[in-house]
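Biologist: Could we go through the strands of this model together?
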Amino acid sequence: MMMTSPHEIDLPLPLATASLAATRHFRSLRRLAIHMMLHHDGLICNIILNHINCGGYGRVMNQHDAVPDWASGRVFDYPRGWFVVATPESIPASEAVALPFFGRTLVAFRGADGDVAILDSVCPHMGASLAIGGVVEEGEVRCPFHHWRFGPDGRCSHIPYSKLIPPQAKVHSYPVREQNGLVLLWFDPEHGAPDYEIPDLDDYYDQQWVPWAIVRRDIRTVPLEIVDNIADSAHLGPVHQSWPRVFEVEFDGHRAIQTQFASHETLTDIPGGEMKTVATYHGPSYLLTSIEGRYRSWMLLAHTPIDQSHVAVWYGLMIRSDDGVTPEFQEIAREYAAAGQVSAYQDVDIWENKSLSERPALCRDDGPILDARRWYTQFLKPRARAETSEITQ
Ligand code: FES
Ligand SMILES: [Fe+2]
């Protein structure tokens, strides 16, 4: 048996063939597997059960980590795009900070110019982690094992006991931006340069606005569950107590834009009061929503994969005061943001306990969920294969 990744096992041909055939006899095979597990070696039985649980593909995944191939052409485990990975204050000068995202651990630190740098943390010398025990020296990170030092560009700049630095002594350095009170990282399995940008929000720096206080919540789910929401009009009433009169979603390149006019009991003054929201995904994870309700506000809901079954969800809400930001208004803003936070995380219990529905039995009025999935798939393919025609059809 050959291991292909921590979560995938290639089956020997006879067993793979047997497993594929077995999906046609789902119930009897499950009974057989449970019987074998009770009476024989558990490994093979686990493989068969996992295979059944993963929908009968020609490979087997760990059932807790499995993300079935819900869209054709999906190639990458994690999508290409800008992702929130930290708040600026969580990366102080002179400290190396471990950032566990995308199924690996990254290391963040501030260079000599004060800018945040983020590198892969596996030291190319002998594999120690730069993130655990790494020390920042003169804007570079020093490995705890033999004290090799790496600069913000990921190159080794100093070996304390040798003048000759091997050319392969470098780690991947991720493009980073500090924007709108957040640290963003460009993740690309192909290591290409960013092909879109997150918009700068002038309002974040405007004195008329109370800036957002960012909250992070880690949840057990996969990103697709969160992305489905952009098109899922029918869950808005049951989950968010919001009944849209108008609900439209448009897919435009790297953006998905949802416009709603809806009653909303949490964020409007009056029962049945209506508010307009325009929620825009800028790439696969950064969802920025303009809200015209009781107050003008911006809501951020950004999600970042931690591994194949956990996602960090970042929330923030900033609010405009027409009459200046007084201490009283700051208290109002705090309460309004707290109400928005309740609304933003209302799906979490459902996400954490549902199954990923690879082939949902949708009805005519469910909203363009499959279009949203097609749009999202562009970030999970090499750029050369993410053709516009496929995305916008
Ligand atoms: S393993 Fe990092 S310096 Fe040796
Ligand atoms: Fe939702």
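This is a predicted model: local features need pLDDT of at least 70, side-chain atom pairs count only at pLDDT 80 or more; totals for chains, interfaces and linings use all residues.

Biologist: In what order do the strands of the open sheet run?
Modeller: The order is β4-β14-β13, three strands with antiparallel pairing. β4 (81–86) and β13 (176–179) each have a single partner strand and stand at the edges, so one side of each lacks a neighbour in the sheet. From one strand to the next, the twist averages 35 degrees.

Biologist: How many bridges join β4 and β14?
Modeller: Five bridges join β4 to β14 (residues 182–187), in the antiparallel sense. Within this pairing, Val84 has Leu184 of β14 as its bridge partner.

Biologist: Changing topic, how many residues of β6 are buried?
Modeller: Five of the seven residues in β6 (residues 104–110) are buried, which leaves the strand mostly covered.

Biologist: Which strands pair with β6?
Modeller: β5 (residues 97–101) pairs with β6 in the antiparallel sense over five bridges, and Val97 has Ala108 in β6 as its bridge partner. β7 (residues 116–120) also pairs with β6 over five bridges, again antiparallel; there, Val107 stands opposite Leu119 of β7.

Biologist: And the turns, which residues have a positive phi there?
Modeller: In the hairpin of β5 and β6, two residues separate the strands, and Phe102 in the turn has a positive phi of about 55 degrees. The hairpin of β6 and β7 has five residues between its strands, with Gly114 at a positive phi near 90 degrees.

Methods
Residues are numbered from 1 along each chain as its sequence is written. Chains are lettered from A and ligands numbered from 1 in the order in which they are written. Two strands pair if DSSP finds at least two bridges between them. Helices (H or I, at least four residues) and strands (E, at least two) are DSSP runs, numbered from the N terminus. Axes are lines fitted to C-alpha atoms, for helices over the stretch in contact, and angles run from 0 to 180 degrees between N-to-C directions. A residue is buried if 20 or more other C-beta atoms lie within 10 Å of its own, exposed if 12 or fewer, and partly exposed in between; C-beta atoms are placed from the backbone.
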